[in-house]
Each structure stands twice: as structure tokens, then as C-alpha cells.
Amino acid sequence: MRKSYKKLTMFVALLSALVLLIGVMPVSYAAQTNSSVYKNISLGNNSYVQLTDANIVSSTKGATVSFTFTLYNGGNSDINLVDYWARLKSTSGTKYTLTLKDKETKSKVSPRSSETLTFYSEVGSNVTMDKLVLSFIKFDFSVSGYERTLGTFTFPASFTNEVKWGSHKTVDINGSKVNMRMSTVNVSKGTTHYNVNMTFAARNTGKSGVAIPEYKYYVETPSGLYPLTVKSVTDNNTSFEPTVLNTIRLSGEVPTSVSTKNWSLIITQKASEESTAELPIVIFNAPFTINNNGTTKTEFTDENGTYNVELQSVQRLPWAANDKIVAKVLVANNGKDYLPLPKLIGEMVIDSNITLTAQTVTNTGDLGLAPGESTTISFIGDITDNYEWKTFKLELSETDPDDSSATLELAELTRSNVTALYNVNTGGVYTQHSNGSQMSVKVTDTRTYSGDANNLYAVYMDVTNNETRSVQSPAFVGYFVTADGVYYEATIKKSTNLVTPSGKEQIVAYAKVPQSVDTASMQLILGEGFDANGLVKGTSDALTGYLRAVQFKLPTENTNTDNFSEVKVGPYTVNFDYFSANVNGTLNIGIGGTVTRDYSYDGFTQSTLLVELEHEESGTVLWSKTVDLEGESENSIHWEVGENFTSEKVETSSRVYSKYTLNIYETLDGEKKLLATTEGKFSSIENWLE
């Protein structure tokens, strides 16, 4: 019975030792591929020591090597750690002095528990792991030299402790096992350096949270180590809570003269407060590829945090005799902290060596970015209209907070093809969602005002305010473009009124064009104007460009002139229902109609009609009068909403003809557009409009 009990006790002890030993082994790619190196050595009494980690990393003194052992006590009494040590020498016989990390806390190992021992030493810069021999010894004053070698570790030339992409390494942080793996690597090439952005993920598999130690981060290249900084203060202050997946974002720079082969991310920690030695915690393989043609997307980190940027479009817009280049950049906050809007400076580089200074224009009201939010920033440069580039690059920078005369390079974005303008089909509605400029625009009418040598071609549009506050509509800029690519700058006629939420404003874009131009095939480019201070609302004579341009296909002009019942001008519709004319010593005119108004319009500029009675064959105008709708202009007929009638007596010496013409015009910039016409004769009882 006692023998059976002893066997059972030994079996349980061995099983417990095995379970605990498995629990402290790092589950990682390196451990799996270096199982012959990470062997365990029996210490007797069911106790073991196992090499669990071995690293070498460059340092200011050459290189630092470190070795980590896990010692398990399977016996019934304490193991005195003062009896054990490690020795290191090279294969050629050079001896190195090892230092035990946290030596003052490493005194003993209690029964059924384990302790981690990390030894480190400085070695020459040309030393590699396969040139080292590591021994674990026990001090024994009964043998020659007073120490007995318990086990020896050598490292093959193929040895690596680098964690391959997709694998992880388990790191002990104050008793908690934290699995770490590489998450992302993003390297973009700048003029003088590579912009490096790396992320590693960590998950605490323990039962309690642990603070992140004061780690240091490096990119290891064939030319040496280059430091990385944590992008976010929040990342740096994060604690690893149980089961939570944390991501730590890092950034830095590496000179472009450095080879891009065999880069690694190294995480280190100081050996002690007094020591300058840094011990590697984990080394990750960091594979990446560089797009030599540039990238439209990247990220950068400044003193405020990390921003993701994307060059969404590069438009080329007509402006006077030259063109404007408008590069629109999406700026996003994919982090966990609120960020201020970055104060970016843009510089355009075309065909590698032509530099254009760009004006930065932000959305009205943009102040910052909440987590997960984004906005757009536009960069505008000038270029001659006949230059066609092959490559286009936008370099982003910020003013150096420590030196206002200097800038800090942040990112480079490339998109060489010109982005086509967004086209709005005939009858379609263009909706703008940008902060501070939420609106819808629809073309409602086209009208040609005939001149002597040129015609005045006009497009009428409704602009609807989609904001939740009353605002002025933007200071619009427009250009007409013909089918063969000829541009005519448009004059924009608009009010300065505030437009209420869901309210509308009617704006007019017009230009004088030769009568030989086919206006039926013309389209309108419309954008929002800006000056030296940014986007402008209302009107301005100091605009320096425009952005957010779209191209409208225009409806066919209505040339019907026989309808007096729906004569439209501005928000008004006039139903002319009465007109009579007769001569009895004087010319007696009677005119009547009903006026209705669409009160959804808060802003408009057109509110008058011109009524003329003429004899077309002789070109004689007998009577001409402006009908001012709800206005008070002098020498005009004033009509209000509702029914109206006006009679006038006019002295005339014109001879009497058998028929005359009544014409209703709308006027714009001194030119006339015929809206309705009919013929009649003088009579005191005849209504020409019946």
C-alpha cells in the first residue's frame, strides 16, 4: 500500500512539474524552430533549467547578447540561486563576463515554482551567435576550479530568434504572459529618407492587467539601428488588460542610402536603472515592399498624434489664362484619441524637378477629428494651361514647433493622372456634403440674350441649403466649356442673403459668347471660390481660385414665346391675362396679370420684366416699361403678389399701323431675352391676350 502511495506521489509530482514547465515555455516561432538549442538540463530532485531565449543586438559598444533561463524547482526545499551561474566564451576561447539582470531579487526558488534568470554581456560588433558557447554551471568547491558545468549550449549558423511574420512570441511582463506579434509594416520613400510606420499587437493571456514597461523600439537594418517612437501618448500609457488585443503604433525615419533588405523591429528594455545596456525583448521580422511609383495613401505622426492621408483626386481647372491644380487630400483619424486638424503645408512636384507652391484650403468650420472621423483638405497650385505633366507628387509638411522658420516633412502622395470632373446629368442634382458647405445644386433653365455681335448665354440654378443653420451660399466661380474645349469665364450673379435651412437661392451664371458658338453643346463648370484666407461665402472681388468643381450638362433652351400665362422671372410666375391699346389723341395702354411667388427662395436677383409695344416692320417702339415685381424702382410699373392692373396714357406722334407686336422680355446685363410675344391691333375693346 505504501509503495503504491509513493508511486502515485511521484507520478503527481512529475505531472505537476511537466505542466508548470510547459506553462513557462515561450510559445513562439523561435522556440519551435530552435528546439535543439532550447533544451532543458536536469538539476536533480525533479528540478530543471531550460534556456528559453537567446538574443544578440547591436549596441554603442559593439553588440549585446542576452540569455534567459527558466529554472524550475520540483523538490521539497528551496533552491539557492547563489549556487548557479552562466558562463560565456567564444569558440576561439575569448571569455565574456555575464551580468544577471535584477540580481538583487534573485535569491532562491521555492518548491513547485520557477524563476527566470537573464544574463547579458557586451561583445564585439563582429560576434555572431554561432561563435559563442554558453554554459550553465553550479559552484562546487569539491571539484577543481570550484564550479561544475551542468550543460552547454551552442548555436548553429542557421540560428535565429527572429519572430517570423504571422507568428508570435510570448513575453513575461511582471508574471503575466503577453503574446506579441507584428501587425503592419508601411515604408514609403521620401527624398532623403524612408518614412517607417510599424504596428505590433499584444494580448495579455494572464489574469490581471500589467503596465507596458519602458520599452525602446528600433528598426534594425544592415547599416545599424534606427530609433522608432510611439505615435500616440495613449498607446504609450496603455496597460495590457487580460484578453484585450492592444496595438502599439511606431514611426521613424531611415536614410534612403540604407539597404531595404532584412529589416527587423527590435523591442528592448534597459538592463537596470544604472546600466546603459539594452536587452532585446523580442525581434520581429519586418518584410515590406516599397512602391517606387509612389502611393496615394499613407500615414504620418506629429506631436498631436497619427493621421491617415489619401490623395483622392488631382483636378485641373481653368483660371483666367492659366490653370489651377487642385489636389484633394482625405485626412482621417483612425486612432482612439481626438486630434486637432493638422496645419499642413503642401508643395507640388511635377516631373520630378518642377516645384509649385500650393495654397492650403480647409473646410469651413473644421477644427478637429474625433476617433473614426475624416475630412478633406485641398492644396491649390498654378500652372500654365499648355503644360502636360507625366508625374505628380504632393509633399506634405508642418511648421516645426521648435523653429517657426523650418518645416517638418510628414508624407508624400502621388497620383499622376488628372482626375476627371464629376459630371451632373441634365436634370440631375449635385449634392455637396463638406463641412460648412452642405448644399444641393440643380440647373433649372438656360436662356440666350441676343446682342449685336455676341450673345449672352445664361444658366439659372437653384442652390438649396442643407445645413441646420441659415448661411450664405458660397462665392461661386464658373466657366463654360464648348465641345471642342474652348473656355468662357462666367459671371456669377447672386444675392448676399442668408438662406434658411432647406431654403433656396437662385443664382445665374452667364458669359458673352460669339454668335457662331454652338451653345447647345456647352457645359458649365461650377466651383466654390476661395481667397487668401480660405473659402468665401456670399460674394467677393478678391477670389484667387476655386475648388470642388463639378461639370453640369445643360438642358435644351425653351424657345417657346406664345405662352403669356407662365412667364417666369426669379421666384415669380406672372400670368399676363389682359392687354389693350388704342389711340385717342394719346396712346392708351391697359395691362393686367396675376403674380405668384415661390417663397422657398430666400435669395434671388432677377425680379423685373420689360414690356414693349412696337411696330416691328418699322422698328418703332411705341411704349416700353419695366414691370418691377414687389419692387420700388423709379419709372416702373409696380406689381405685387396677386391680381394687378395698370393703365397708362402716352403721348405719341407715330402714325397708326394695322398691327403691332406686344413683347415680354427679361433683361440681363443690358441684353434682352424674349419670353412671350403676340400681335394685335389698336382697339378700345379688344383684349390681345384672350
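What follows covers cavities, pockets, aromatic pairs and charges over rings.

This is a predicted model, in which local features need pLDDT of at least 70, side-chain atom pairs count only at pLDDT 80 or more, and totals for chains, interfaces and linings use all residues. Residues are numbered from 1 along each chain as its sequence is written, and side-chain values use heavy atoms, with hydrogens and water left out. Rolling a probe the size of a water molecule over the atoms shows where empty space is left.

- On a 1 Å grid over the protein atoms alone, a cavity is a set of points where a 1.4 Å probe fits but cannot get out. A pocket is an open set with protein on both sides within 12 Å along at least five of seven lines. Lining residues have an atom within 4 Å of a point.
- Grid points are joined across faces, edges and corners, and a volume is the space filled by probe spheres set on the points.
- Strands are DSSP runs (E, at least two residues), numbered from the N terminus.
- Ala, Val, Leu, Ile, Met, Phe, Trp, Tyr, Cys and Pro count as nonpolar, Asp, Glu, Lys and Arg as charged, and the others, Gly among them, as polar.

**Cavities**

- The model holds 3 cavities of 30 Å³ or more.
- The largest cavity has a volume of about 90 Å³. It is lined by 15 residues, with Met439, Asn465, Val471, Ser473 and Pro474 closest to its centre.
- Strand S36 (residues 454-465) gives the most to this lining, with 3 residues. By class, the lining of the largest cavity has 5 nonpolar, 7 polar and 3 charged residues.
- The second largest cavity holds about 60 Å³. Its lining includes Tyr430, Met439, Phe476, Arg548 and Phe552.
- Strands S35 (439-449), S40 (523-531) and S42 (545-553) each give two or more residues to the lining of the second largest cavity. That lining has 7 nonpolar, 1 polar and 2 charged residues.

- The largest pocket has about 1100 Å³ of space. Of its 36 lining residues, Lys101, Thr118, Asp172, Gln269 and Ile281 lie nearest the centre.
- Elements that give two or more residues to the lining of the largest pocket include strands S2 (47-59), S9 (113-123) and S21 (278-285). The class count is 11 nonpolar, 13 polar and 12 charged residues.
- The second largest pocket has about 730 Å³ of space. Its lining has 33 residues, and Asp445, Arg447, Glu566, Lys568 and Leu675 are the closest to its centre.
- S35 gives the most to the lining of the second largest pocket, with 5 residues. By class, this lining has 9 nonpolar, 14 polar and 10 charged residues.

**Aromatic pairs**

- There are 25 aromatic pairs. Rings of Phe, Tyr and Trp (its six-membered ring) pair if their centres lie within 6.5 Å; planes under 30 degrees apart count as stacked, over 60 as edge-to-face and the rest as tilted.
- Phe579 and Trp623 form a tilted pair, 6.3 Å centre to centre with 35 degrees between the planes. The pair links distant parts of the chain, strand S44 and strand S48 (residues 620-629), 44 residues apart.
- Ring pairs join Phe69, Tyr84, Trp85, Phe119, Phe136 and Phe153 into a cluster.

**Charges over rings**

- A charge sits over a ring if NZ of Lys or CZ of Arg is within 6 Å of the ring centre and within 35 degrees of the ring normal.
- The charged end of Arg447 sits over the Tyr460 ring, 5.4 Å from its centre.
- Lys672 lies over the face of Tyr665, 4.3 Å from the ring centre.

Note on methods:
Helix = DSSP H or I, 4+ residues; strand = E, 2+ residues; numbered from the N terminus.
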